[in-house]
Amino acid sequence: METTGKLKATAIVLVLLGALSFSPDVRASLIPALEGGAPTGPVAGVFTFTYDVGLSADQKVNTGAVPVGSVNTGVGVLGSTYASFFTIYDFAGFNGTHSDPTGWTFQSLNLGSTPNTTLPTDSAGVANLTWYFTGATPPASGTTVTGFSAGSTFIGTPVLHNYTSGATKNTPLDPSTNNTAIGSIGTVVAPGPANPPAIPEPTTLLLLGSGLAGLAGWRQWRTKRA
């Protein structure tokens with residue numbers, strides 16, 4: 001209970017910080033937010049992170065090709081080229097469990113899926129979680145979709161991670177942007193450190209050891225001379 005309470009308090013602070021930490025690209029598409037401000041659990045050592053995802057009023061979602069790796073977005077690219085999606089990066093301790101609202105499909109990749117107009121922090125050794133739209137009836141612009149969740153065995157303080165999303169501009173009064181693929185980037189609370197600490201390679205450790213041994217020998221030599 002004490003661990004869960006600390007996690008909840010920390011996550012609430014992070015949610016407030018996250019609201020101020022969006023990228024300069026404010027044309028957000030699909031915006032995930034941790035439901036309740038904290039994960040639930042642990043149950044059998046697993047925390048469940050549940051997300052509500054808001055769709056901007058001037059954008060819409062659509063089906064299309066499965067978004068994998070780098071996804072083309074921006075002027076001149078039709079939004080229908082790829083299925084609308086969002087990705088939460090570096091979801092530490094992902095145990096393979098997830099839930100998906102009706103009309104949405106899940107995939108997990110170590111790199112991507114990422115709009116090519118964004119540059120999130122993405123560690124190759126940690127799973128990214130992506131949900132993309134495959135349904136028959138898309139959610140209305142300006143509404144929120146609930147029921148996205150994933151499990152993590154990482155028992156530690158949740159932190160802010162990058163998310164990205166790709167959707168389609170819904171601006172019929174502006175033909176120059178209407179139906180254009182648009183990417184966005186921001187931050188959302190997720191488990192674990194965004195960048196795992198680097199582990200020195202054996203050769204680096206050997207050089208460090210040799211350097212320390214040399215330093216010790218030099219100090220001994222100076223002591224004898226004195």
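The structure is a predicted model, in which local features need pLDDT of at least 70, side-chain atom pairs count only at pLDDT 80 or more, and totals for chains, interfaces and linings use all residues. Residues are numbered from 1 along each chain as its sequence is written, and side-chain values use heavy atoms, with hydrogens and water left out.

**Overall make-up**
- The protein has 2 helices and 13 strands. These are DSSP runs, numbered from the N terminus: helices are H or I with at least four residues, strands are E with at least two.
- Of the 226 residues, 42% are buried. Buried means under 20% relative accessible area, exposed over 50%, and partly exposed in between (1.4 Å probe, protein chains only).
- Among contacts (heavy atoms within 4.5 Å) with a separation of 6 or more, 76% join residues 24 or more positions apart.

**The largest nonpolar core**
- A nonpolar core is a set of buried Ala, Val, Leu, Ile, Met, Phe, Trp, Tyr and Cys residues joined through side-chain atoms within 4.5 Å.
- The largest one holds 23 residues, and Tyr51, Ile88, Phe91, Trp104, Trp131 and Phe148 touch the most other members.
- Elements giving two or more residues to this core include β1 (30-34), β6 (85-88), β8 (104-109) and β10 (128-133).
- β3 gives the most, with 5 residues.
- In soluble globular proteins, nonpolar side chains tend to be buried together.

**Strand β10**
- β10 pairs antiparallel with β6 over 4 bridges. Strands pair if DSSP finds at least two bridges between them.
- Phe85 has Tyr132 as its bridge partner in β10.
- β8 also runs antiparallel to β10, joined by 6 bridges. Here Leu109 stands opposite Asn128.
- Leaving out residues up to four places away in sequence, Trp131 touches residues including Phe86, Ile88, Trp104, Phe106 and Phe148.

**The salt bridge**
- The count is 1 salt bridge, defined as a side-chain nitrogen of Lys or Arg within 4 Å of a carboxyl oxygen of Asp or Glu.
- Lys169 and Asp58 form it, at 2.8 Å from N to O.
- Lys169 is in strand β12 (residues 159-169) and Asp58 is in the loop between β3 (46-55) and β4 (59-60), so the pair ties together parts 111 residues apart in sequence.
- Lys169 counts as buried, at 12% relative accessibility. Asp58 is partly exposed, at 31%.
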